Amino acid sequence: MEWDEFERWGAKAAEFGADYHRGLRDRPVRPDVQPGEAAALLAAAPPEAGEGMEAIWADFLHVVPDRLTHWQHPRFFAYFPANAAPVSMLAEMLVSVMAPQCMLWQTSPVATEMEGVMVDWLRQAMGLPEGWSGVVQDSASSATLSAVLTMRERATGWTGNREGLSGKGALRVYCSAQAHSSIDRACWVAGIGQENLVKLPDTGAPAYGVDVAALRAAIAADRAAGHVPAGVIAVTGGTGIGAWDDLAAVGQVAADEGLYLHCDAAWAGSAMICPEIRAEMWRGVEMCDSIVFNPHKWLGAQFDCSVQFLKDPKQQVDTLKIEPEYLKTTVTSGASPVVNYSEWTIPLGRRFRALKLWFLLRYYGLEGLRGRLRNHVAWAGEVCEGLRARGFEIVTEPILSLFTFRGPGDDAAQQALVDAINADGRIYVTQGLHRGRKVVRFAVGQFDCTREDVMMAVEVIAELSARRAGG
Ligand SMILES: *Cc1c(COP(=O)(O)O)cnc(C)c1O
């Protein structure tokens, strides 16, 4: 492709982007498509001869936009948001045109240094102690796996990578039953095993935090049984209902027991830029060794962008650093030591993820972002009250902008309500399971949603529920 042609189609892509977003409210959040429908529209074999951009573009318009679930739709209340603020899309466009590989300082000096500065901006924004550093990963799953591997190496005297785990006893990791499935998988992949991930009960409303006495007792019982406690994973904002652990209390246990403490704040971490929220939910956060949060969820940095803060990065680097000849760097002069972030993470190759943080934080400022988050929390509360007033059972009260409810009927009726809502298309929600009961899960947080978008959900849910009840 010649660069003149690139320029023409690049302008068209930007134009498409603006039109697509302006028209989102007119689309169903989830498309009405059947499995296999999209694949059937694609040629079964690759073309031998190249095709013109006109044909590719026409097919893109024909095949793609109507068959997507629109995650940037202002009435998306399912899962958690995967926000992409417009300014972060621009940054991603620039990254994609420069297409750097940011594994070492010397393979991308400005990306590496901007990453360090952006992690520090966020550290300040979230009230974390000076001296902490961190790294931008692709996902919370990767950051949590890095932390679990660090727990493993620490608990085996840094011999696990070299010798394997045979004969080292049962390494044990502790978390709340409210913890995310990425923690189970991290324990599988790290060779710790599902049975050695000890899931402790929560203490119920309002925070559904882990039972700290049960945590202490489990560690003591494991030591008595000859097992090897390796680490604790705390939750700030669990996926099911937003559960959050008392970090001061969990941190005290980890400190008393000499255990590594990782905190999964993948969704709720964004809200910790609000001082009043972190004063409540992040008391004792300085006792953690590692924290992950996803700016690509609520904050607005286009997927993927997951920040892992580290009190002492050396432990993770000692776990993950590997340096074959071709990765050695010879840059030693200059005032600052050189950081090679691929030594902090599992993948070698790294995208330039800091640029969208730089654009996002500068364009909106912390106050602009806090304003959005506070609105979402307030509007989730209003929707919750609206549903309660119409006779819905609120199963778990809002934690930040997430709550769960039930309509009339049994578990099957709840799933049928979710399916009816999503087939209608005006809003999109997901189901959950709380204490064995099926619930409808409602999470507010799309970046540019308005109060009107959010409040419309009350009418839609009440209408569809009544229609079902009426037969
Ligand atoms: C979304 C989420 C994760 C997983 O995040 P990925 O970045 O998709 O790996 C982990 N924990 C919690 C609490 C989450 O909400």
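By class, the residues that line the largest cavity are five nonpolar, three polar and one charged, where Ala, Val, Leu, Ile, Met, Phe, Trp, Tyr, Cys and Pro count as nonpolar, Asp, Glu, Lys and Arg as charged, and the others, Gly among them, as polar. This is a predicted model, in which local features need pLDDT of at least 70 and side-chain atom pairs count only at pLDDT 80 or more, while totals for chains, interfaces and linings use all residues. Residues are numbered from 1 along each chain as its sequence is written, and side-chain values use heavy atoms, with hydrogens and water left out.

A cavity here is a set of points, on a 1 Å grid over the protein atoms alone, where a 1.4 Å probe fits but cannot get out, and its lining residues have an atom within 4 Å of a point. Grid points are joined across faces, edges and corners, and a volume is the space filled by probe spheres set on the points. There are two cavities of 30 Å³ or more, and the largest holds about 50 Å³ of space. Its lining consists of Asn 83, Trp 298, Leu 299, Leu 369, Arg 372, Leu 373, His 376, Gly 445 and Phe 447. Helix α14 gives the largest share of this lining, four residues; helices (H or I, at least four residues) and strands (E, at least two) are DSSP runs, numbered from the N terminus.

The second largest cavity, with a volume of about 30 Å³, has a lining of seven nonpolar residues, one polar and one charged. Strand β2 supplies the largest share of that lining, three residues.

Helix α14 (354–389) also belongs to what covers the buried residues of α5, as do β1 (133–137) and α12 (295–299), among others. Helix α5 itself, residues 109–125, has 17 residues and reaches 24 Å from its first C-alpha to its last, close to the 24 Å expected at 1.5 Å a residue, a span taken as 1.5 Å times one less than the number of residues. Among its buried residues are Met 114, Met 118 and Leu 122, buried meaning under 20% relative accessible area with a 1.4 Å probe and protein chains only. Just after α5, Gly 127 takes a positive phi of about 70°.

Finally, the cysteines form zero disulfides, a disulfide being a pair of cysteine sulfur atoms within 2.5 Å. Cys 263 is in no disulfide, and the nearest cysteine sulfur, that of Cys 288, is 4.8 Å away. At 0% relative accessibility, Cys 305 counts as buried.

Notes:
Buried means under 20% relative accessible area, exposed over 50%, partly exposed in between (1.4 Å probe, protein chains only). Contact means heavy atoms within 4.5 Å. On a 1 Å grid over the protein atoms alone, a cavity is a set of points where a 1.4 Å probe fits but cannot get out, and a pocket is an open set with protein on both sides within 12 Å along at least five of seven lines; lining residues have an atom within 4 Å of a point.
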